[in-house]
Amino acid sequence: MSTHDMSMLHNLTRSLNQLATSETLRRAWSLLRHAPGGGVLMGQLIGGLAPYSGTIRPEVLVLEEGYVRVRMRDRRAVRNHLRSVHAIALMNLGEVATGMAVLSSLGEGMRGIITHLEMDYLKKARGSITAECRAPITTDGERREYDVQADLTDDAGEVVARARARWLIGPAMH
């Protein structure tokens, strides 16, 4: 890879990381939410920031300060050998939901990183799955842990899984 290519890659990575703030996340959503396919485009943006998260092709349905609803559509790539949604695809969706809710709740100059993630699988997940999460609004600027929960529901509205995540929030280090 040439020096020029390395420089372009570095600048792109820096630009993507700068997008990962609560303000830019909410601003991007305010632009995309009314556009045709805006939720899918927002999910692609999230996948660009966190490539593994993009493997489930999240679709943002609602994003507000400290609140998110995000859907994973049913497709073969997220299923297991029993033709239900794979446990790790559900875990990925739970992490995306908790992460977006937490990120959207952060005050200026704050960042978060997940330190613990667990999942309860309550029933076989089939069809599209929607995760919903609320996170506390964080403005104090202190390093602190927050526990948040995302409920994952099927098309009938039944909770099929529950993710619990612990996020360490603190001032961004540049």
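**Notebook: loops, pockets and salt bridges**

I started with tyrosine 52, which sits in the loop between helix H3 (38–49) and strand E1 (59–64). Helices (H or I, at least four residues) and strands (E, at least two) are DSSP runs, numbered from the N terminus. I noted that this is a predicted model, in which local features need pLDDT of at least 70, side-chain atom pairs count only at pLDDT 80 or more, and totals for chains, interfaces and linings use all residues. Residues are numbered from 1 along each chain as its sequence is written, and side-chain values use heavy atoms, with hydrogens and water left out.

**Entry 1**

Is tyrosine 52 buried or exposed? It counts as exposed, because its relative accessibility is 56%. My cut-offs: buried means under 20% relative accessible area, exposed means over 50%, and partly exposed is in between (1.4 Å probe, protein chains only).

**Entry 2: two positive phi angles**

I stayed in the loop between H3 and E1, where arginine 57 is also placed. Its phi is near 50°, a positive value in a residue other than glycine. Arginine 57 counts as exposed, at 57% relative accessibility.

Arginine 83 also has a positive phi, of about 65°, although it is not a glycine. I found it in the loop between strand E2 (67–72) and H4. Arginine 83 is exposed, with a relative accessible area of 65%.

**Entry 3: the largest pocket**

I looked up the definitions before the values. On a 1 Å grid over the protein atoms alone, a cavity is a set of points where a 1.4 Å probe fits but cannot get out; a pocket is an open set with protein on both sides within 12 Å along at least five of seven lines; lining residues have an atom within 4 Å of a point. Grid points are joined across faces, edges and corners, and a volume is the space filled by probe spheres set on the points.

The largest pocket holds about 820 Å³ of space. How many residues line the largest pocket? I read 30, and Glu95, Gly112, Ile113, Ile114 and Trp167 lie nearest its centre. H3, helix H4 (87–105), strand E3 (110–121) and strand E6 (159–171) are the elements that give two or more residues to this lining. H4 gives the largest share, nine residues.

I sorted the lining by type: 21 nonpolar, six polar and three charged. Here Ala, Val, Leu, Ile, Met, Phe, Trp, Tyr, Cys and Pro count as nonpolar, Asp, Glu, Lys and Arg as charged, and the others, Gly among them, as polar.

**Entry 4: the cavity**

The structure holds one cavity of 30 Å³ or more. The largest cavity has a volume of about 30 Å³. Its lining includes Val102, Tyr146, Trp167 and Ile169. H4 and E6 each supply at least two residues. The lining divides into six nonpolar, two polar and no charged residues.

**Entry 5: salt bridges**

Side chains of opposite charge can pair when their charged atoms come close. The cut-off: a side-chain nitrogen of Lys or Arg within 4 Å of a carboxyl oxygen of Asp or Glu. I read 10 salt bridges in the structure.

Glutamate 118 pairs with arginine 164, with the closest N and O atoms 2.8 Å apart. Glutamate 118 lies in strand E3 and arginine 164 in strand E6, so the pair ties together parts 46 residues apart in sequence. Glutamate 118 is partly exposed at 32%, and arginine 164 is partly exposed at 25%.

Aspartate 154 pairs with lysine 123, with the closest N and O atoms 3.8 Å apart. Aspartate 154 is buried, with a relative accessible area of 13%. Lysine 123 counts as partly exposed, at 35%.

Glutamate 145 and arginine 166 meet in a salt bridge (3.9 Å, N to O). Glutamate 145 lies in strand E5 and arginine 166 in strand E6, so the pair ties together parts 21 residues apart in sequence.
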